Amino acid sequence: ASPEVVVVGSVNVDTVVRVPRLPAPGETVLGTGATEHVGGKGANQAVAAARLGRRVAFVGAVGDDADGGTVREALAAEGIDLVGLGKRPGARTGAAVVQVDTSGENCITVLAGANGDLDAAAVRTVADDLRRALVTVVQLEIPDDAVAAAIALAGGTVVLNPSPARPVAAGVLDRVDVLIVNRSELALLAGETEPETAGQAAELAGRLSGPAAVVVTLGADGAVLVRAGAVTEVPAVAVERVTDPTGAGDTFAGALADALVRGESLEDAVRWAAEAAAIAVTGSGAQSAMPSREQVLAARQASRS
Ligand code: ATP
């Protein structure tokens, strides 16, 4: 069966090294342990939607190295269709090196690797899937022409998460149905300083031209949806303890895509995304903390009783 959601984006192998404190320039510190996981915004959002039960295809690029095999195995284990995952000869798979100190503060270096080689031609190889998918999700960890090609070919709802923030061509923004931004991404696109309150965020989002709807995620302050001048504030779901907020934004985007495929209204989709993202912050890591549909429903039940 063809995919319900197509995610076009980045995939990395992240190495997380625990350190007693972050090294100063020129300094060497002794790490106390390390873990390796598959990450990258594209892969994360694909996994989030797949965990929630969607048929997902991931379109991206890896190198012809061992990490490329690691990526393929990990995403296949989530049931994700990898027909659109290309192998770039001579390239290395995208990588991130994360140093985390005992207080949770981190330093991150990202190497785009094969993600930087994803081009429009590679995206066009899955044109049929893009035309048929109910939702296409794109971020900005890949080159602009890959982003533009994905959005131009998408036959269903187009969700763009412009992260990391950079200017987006007006012709691209005009085709976006749902733009998901956090405070800093919104500030960059609007050419303003970061909004503090939900009200300020809604006001700024309302001024963006192009996308049919804008969802601003506000971390522990929840999210706000702005569409055709109408504003819907969605509070964050209270959690007992935040373990690791990494991946909250990606869980939110994947869950929003899931809900839209199931025909939910955009308002309900934002609520569902906030419920899924709240679970993600209670676990450590990004993909490792993403909930299944049963987990989100169980948390909803628990909050009502
Ligand atoms: P990141 O890039 O770190 O994954 P982001 O900046 O893209 O995050 P956030 O706005 O931090 O995204 O978080 C996305 C959503 O996750 C929020 O809109 C909210 O619904 C949920 N969320 C984030 N932090 C919390 C929290 N502490 N408690 C409950 N929900 C949270």
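Where is the place of Pro 164? In this predicted model, Pro 164 sits in the loop between strand 9 (157–161) and helix 6 (170–173); helices (H or I, at least four residues) and strands (E, at least two) are DSSP runs, numbered from the N terminus. The peptide bond that joins Ser 163 to Pro 164 is cis, with omega at about 0°. Most peptide bonds are trans, and most residues other than glycine have a negative phi.

Residues are numbered from 1 along each chain as its sequence is written, and side-chain values use heavy atoms, with hydrogens and water left out. Because the model is predicted, local features need pLDDT of at least 70 and side-chain atom pairs count only at pLDDT 80 or more, while totals for chains, interfaces and linings use all residues.

The side chain of Thr 217 places an N or O atom 2.8 Å from an oxygen atom of the ligand. On its own the ligand has 640 Å² of accessible area, of which the protein covers 79%; accessible areas come from the Shrake-Rupley method with a 1.4 Å probe, and for residues only the protein chains shown count as cover.

Helix 9 itself has 14 residues and reaches 20 Å from its first C-alpha to its last, close to the 20 Å expected at 1.5 Å a residue; the expected span is 1.5 Å times one less than the number of residues. Of its 14 residues, 13 are buried, so helix 9 is largely enclosed by the rest of the structure. Buried means under 20% relative accessible area, exposed over 50%, and partly exposed in between (1.4 Å probe, protein chains only). Just after helix 9, Gly 263 takes a positive phi of about 85°.

Nine of its 11 residues are buried, so helix 1 is largely enclosed by the rest of the structure; among them are Gly 42, Asn 44, Gln 45 and Val 47.

Ser 10 brings us to the loop between strand 1 (5–8) and strand 2 (12–18). With a relative accessible area of 1%, Ser 10 is buried. Its side chain reaches the backbone nitrogen of Lys 41 at 3.2 Å, and a polar contact of 2.4 Å joins the side chains of Ser 10 and Glu 141. A polar contact is a pair of N or O atoms within 3.5 Å; within protein, one must be able to donate a hydrogen and the other to accept it, and residues adjacent in sequence count only if both atoms are side-chain atoms. Not counting residues up to four places away in sequence, Ser 10 touches residues including Gly 39, Gly 40, Phe 58, Asn 115 and Gln 139, where contact means heavy atoms within 4.5 Å.

Asn 161 belongs to strand 9 and is buried, at 7% relative accessible area. Beyond its neighbours within four places in sequence, its contacts include Gln 45, Gln 139, Glu 185 and Asp 250.

Ala 228, in the loop between strand 12 (223–227) and strand 13 (230–234), is exposed, with a relative accessible area of 79%. Although it is not a glycine, Ala 228 has a positive phi of about 50°. Glu 192, found in the loop between helix 7 (183–190) and helix 8 (198–207), counts as partly exposed at 39% relative accessibility.
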